[in-house]
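Dear colleague,

Please find the structure below, for your files. My notes on it follow.

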Amino acid sequence: MLNSITSDMKGRTDLSNFRSIGSVMANVIVTSLAPLILFDQMDNPVANRFVLLGIILSVFTAVCLLLTHVLVSERVIIPDKTDEQKSINYFKVMKTFVKNRPMVAVISAYIITKFFIQTTGIMNQYVFMSHYRATEQLAALGLATLIPTLVAMIFVKPMINRFGKKNLVTWPALLAAASFSVNALFPVSSTQYIFFQLLGQFFVGFFSLLIWSLIADAVDYQAYLTKERNDGTIYATITFLVFLVSSFSTSMIALLLDAVGYDVALGAAQTTGVATAIKFMGGILPVIGAVLIFFCFHFIYNMTDVEMQKISKEVNSL
């Protein structure tokens, strides 16, 4: 929706920041309350409570979508075309989509985030249940995840002015990988595990804050390549690709847990070897994700902020 709300790149950055804050706040609510609801006093999950939580969150989601539809105003209006011009050659759009390197980089990084970074919330449930036997700390961890995003939001604007968006999402990803790797490779305490995870989330948080601003820029670049404004089609394609692929992330976690020998029947009482393997997996997945995000923006994304600003001005005249 950013392309419909504003064509100003700084305005898009602000919207992307606040969107990310809203996403993190929602995640904080879930990750803080869920452990208190889903686990019994023995740190074992209670199956029927998952259904109740799912129903509550579904209703909350529907209300948020309705409010978004009612409260948001479109300010960038694309004039209607003639009937002959309204038909869209979707094959042509997709062919150009693949050639759009900023788009490929951003969407690939977004999918990677869904698979390897955002699944830390799921993995934390198992790490703190089986390895640390301290599910009561999950509520505190859920609340603490808001801190890295808020801190990153404070620094994001001056750092964009200093380094540019591409650099700001590229090089901090390596620092994030280094932070996450401590949890995977060293015998840290639960408090240390939380600290290094939050530190890694701070560095990768710049990408989370800027992702929709980057997508809006890539949509403009798509219009620059095709000389046509098909923003709705592009956003629909992005949404379909991201959520189709990311829908397999939960299944991936289940398969990995099965691979390391996790026994559902044992609950929190996993063997020492399995518990250690789960803790390693909880640390190494975001390491892989952060490294892949760096690869996407260092080797695939090929536009500077200055070049993208010129392109955005040109496509706004289409």
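Burial is given here as relative accessible area with a 1.4 Å probe and protein chains only: buried means under 20%, exposed over 50%, and partly exposed in between. C64 is therefore partly exposed, at 32%, whereas C296, at 4%, is buried. A disulfide is taken as a pair of cysteine sulfur atoms within 2.5 Å, and by this rule the count is zero.

This is a predicted model, in which local features need pLDDT of at least 70 and side-chain atom pairs count only at pLDDT 80 or more, while totals for chains, interfaces and linings use all residues. Residues are numbered from 1 along each chain as its sequence is written, and side-chain values use heavy atoms, leaving out hydrogens and water.

Overall picture. The protein chain has 15 helices and zero strands; these are DSSP runs numbered from the N terminus, helices being H or I with at least four residues and strands E with at least two. Of its 318 residues, 47% count as buried. Contact means heavy atoms within 4.5 Å. Among contacts with a separation of 6 or more, 82% join residues 24 or more positions apart. Accessible areas come from the Shrake-Rupley method with a 1.4 Å probe, and for residues only the protein chains shown count as cover. The protein chain exposes about 16200 Å², with 68% supplied by carbon and sulfur atoms.

Core. A nonpolar core is a set of buried Ala, Val, Leu, Ile, Met, Phe, Trp, Tyr and Cys residues joined through side-chain atoms within 4.5 Å. The largest one has 79 residues, of which I215, I238, I293 and F297 touch the most other members. Helix α11 (residues 190-226) gives the most to this core, namely 19 residues. Beyond its neighbours within four places in sequence, F297 contacts V106, A109, K166, V169, T170, F207 and L214.

I117 is in helix α6 (residues 101-117) and is buried, because its relative accessibility is 9%. With neighbours within four places set aside, its contacts include F180, V204, P286 and I293.

Surface. V51, I55, V59, V63, L66, L67, V70 and L71 make up a nonpolar surface patch with about 780 Å² of accessible area together. Such a patch joins nonpolar side chains (Val, Leu, Ile, Met, Phe, Trp, Tyr) within 5 Å, from residues with over 30% relative accessible area and no salt bridge. V70 belongs to helix α3 (residues 47-71) and counts as exposed, at 56%.

Regards

Terms used. Patch = residues over 30% accessible without salt bridge, like charges linked within 9 Å, V, L, I, M, F, W, Y side chains within 5 Å. Salt bridge = Lys/Arg side-chain N within 4 Å of Asp/Glu carboxyl O.
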